[in-house]
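Here's a quick tour of a ligand site and some helix packing. Have the model open as you read.

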Amino acid sequence: MSIDAFNSKVMTTYGRYPVTMSSGSGCTLTDTSGKVYLDFVAGIATCALGHADPTLAAAVTKQMQTMHHTSNLYYSAGQGNLAAWLVANSPADKVFFANSGAEANEAAFKLARKHASLRGVTDPVIITAGSSFHGRTLAAVTATAQPKYHQGFSYGGKMVPGFSHCVYNDVSSLRSVFKKHSSTPLRHKLLGRKRRVAAVLLESLQGEGGIRPGDKDFFEEARRLCDEHGALLICDEVQVGMGRSGKLWGFENLGVVPDAFTTAKALGGGVPIGAMCARGEAAEALGPGEHATTYGGNPLACAAGLAVAGEFSRRDILGNVVERGEQLKSGLQAIVDANPAVLSEVRGWGLLVGVEIKDSVPATAAQVVSKAMDKGLLLVPAGVKVVRFVPPLVVSEEEVGKALDMFRESVEELAKEMEK
Ligand SMILES: Cc1ncc(COP(=O)(O)O)c(C=O)c1O
């Protein structure tokens, strides 16, 4: 099918690059013209084991041939086993399975509201941070504190009620937003209502917002304020979680233990699945009939999740993320140092790394991504000025070396164009 025919039938909600991918193997993708790309996008931080991983393929094939979907009317071993793995490998006590990151976050919003409602709160407020990204459902996009994602979707100029935003990594901003919502205004009181902060929901590293790692001080203060006010600290681990930071969960880099966290992307290695994991009282807040989804945690998705989880135990994936992450970061730092007129900074954890293009440079990250793509390297912007590197977690030393060479050439090409 031609790209024009595709666009005439599929809603144009995505700005796509003009290529059609037809197959993948390990850390490479091949398009319909036969061009092979080194894939440092991995389905946007999703294909943890790369493409056509034999273990993942075998697990999904076997499950497909046995029983791929039954609904949550019945028990299924795979769902229980994947929940058990998540519980054994995180602070969580219980898991709710969804189908995507946004849906996992929706479950977290409902958990926060229900937990607050059990404490007599009628007007629960969820605090999220500026420049965050939490997904595209109406509540997730409201939590996403970036006005560009809200345009065209408000009602009476407002998005979903009950969300408030602070500045990421700014302790005083968090304190003042907390203070603002930690008491009940008189007009609410007169109506017999009670307003409180129900939760603070944060990415431990902001991905889409420009690869910004969280500050320890900020997360420690969030934890302290949540404890003081009986609110839940929830981490959105959809992009940074499942090993991408070099630790299994991003919050482990910050020394805080959240009450709940969400995961998706790498959890299924590219097979759609999401999960909202909670501990303590929070794990018990949602009861029968209070949240559900037809596909959530179905046998096929959980077989994929268990295959990915199994590979974390069988292969030293976290060790590879740390080593390859250091190689990537130091290689990118050398490129930044050699091109001070074009690039300003390298940031990130493990294999979630971003390079910022100087504000003074009249080029966007998308333009640099296109140059790299011409050379056979797939990258993805994180905001207007940051080029993001999120390869499969099993990427090799040689592949990181090749990616650095292609990125260097792209940056040098841009630098030459700027001299003209
Ligand atoms: C931190 C974070 N949360 C939530 C989402 C939404 O996930 P999904 O696209 O699977 O709904 C994303 C997607 O990029 C993300 O990066």
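## Who's around the ligand

The residues of the ligand shell split into three nonpolar, six polar and four charged. (Ala, Val, Leu, Ile, Met, Phe, Trp, Tyr, Cys and Pro count as nonpolar, Asp, Glu, Lys and Arg as charged, and the others, Gly among them, as polar.) The shell holds 13 residues, and the closest are Gly101, Ala102, Asp236, Gln239 and Lys265; a residue is in if one of its heavy atoms lies within 4 Å of the ligand. Helix α5 (residues 101–117) is the top contributor, giving three residues. Helices here are DSSP runs of H or I with at least four residues, numbered from the N terminus.

Before going on, a word on the ground rules: this is a predicted model, where local features need pLDDT of at least 70 and side-chain atom pairs pLDDT 80 or more, while totals for chains, interfaces and linings use all residues. Residues are numbered from 1 along each chain as its sequence is written, and side-chain values use heavy atoms, leaving out hydrogens and water.

## Polar contacts

Which side chains make polar contacts (pairs of N or O atoms within 3.5 Å) with the ligand? Asp236 has a side-chain N or O atom 2.7 Å from a ligand nitrogen. Gln239 puts a side-chain N or O atom 2.8 Å from a ligand oxygen, and for Lys265 the distance from a polar side-chain atom to a ligand oxygen is 3.2 Å. On its own the ligand exposes 390 Å², and the protein buries 81% of that (Shrake-Rupley method, 1.4 Å probe).

## How the helices pack

Now for α13 (residues 397–419) and its partners. Helix α11 (residues 317–338) packs against α13 at about 20 degrees, with the axes 10 Å apart, so α11 is roughly parallel to α13. Axes are lines fitted to C-alpha atoms over the stretch in contact, and angles run from 0 to 180 degrees between N-to-C directions. Under 35 degrees counts as roughly parallel, over 145 as roughly antiparallel, 65 to 115 as roughly perpendicular and the rest as oblique.

Helix α12 (residues 365–375) meets α13 at about 125 degrees, axes 9 Å apart, so α12 is oblique to α13. Elsewhere, α3 (residues 54–66) and α10 (residues 299–314) pack at about 150 degrees with their axes 9 Å apart, which means α3 is roughly antiparallel to α10.

Notes:
A polar contact is a pair of N or O atoms within 3.5 Å; within protein, one must be able to donate a hydrogen and the other to accept it, and residues adjacent in sequence count only if both atoms are side-chain atoms. Helices (H or I, at least four residues) and strands (E, at least two) are DSSP runs, numbered from the N terminus.
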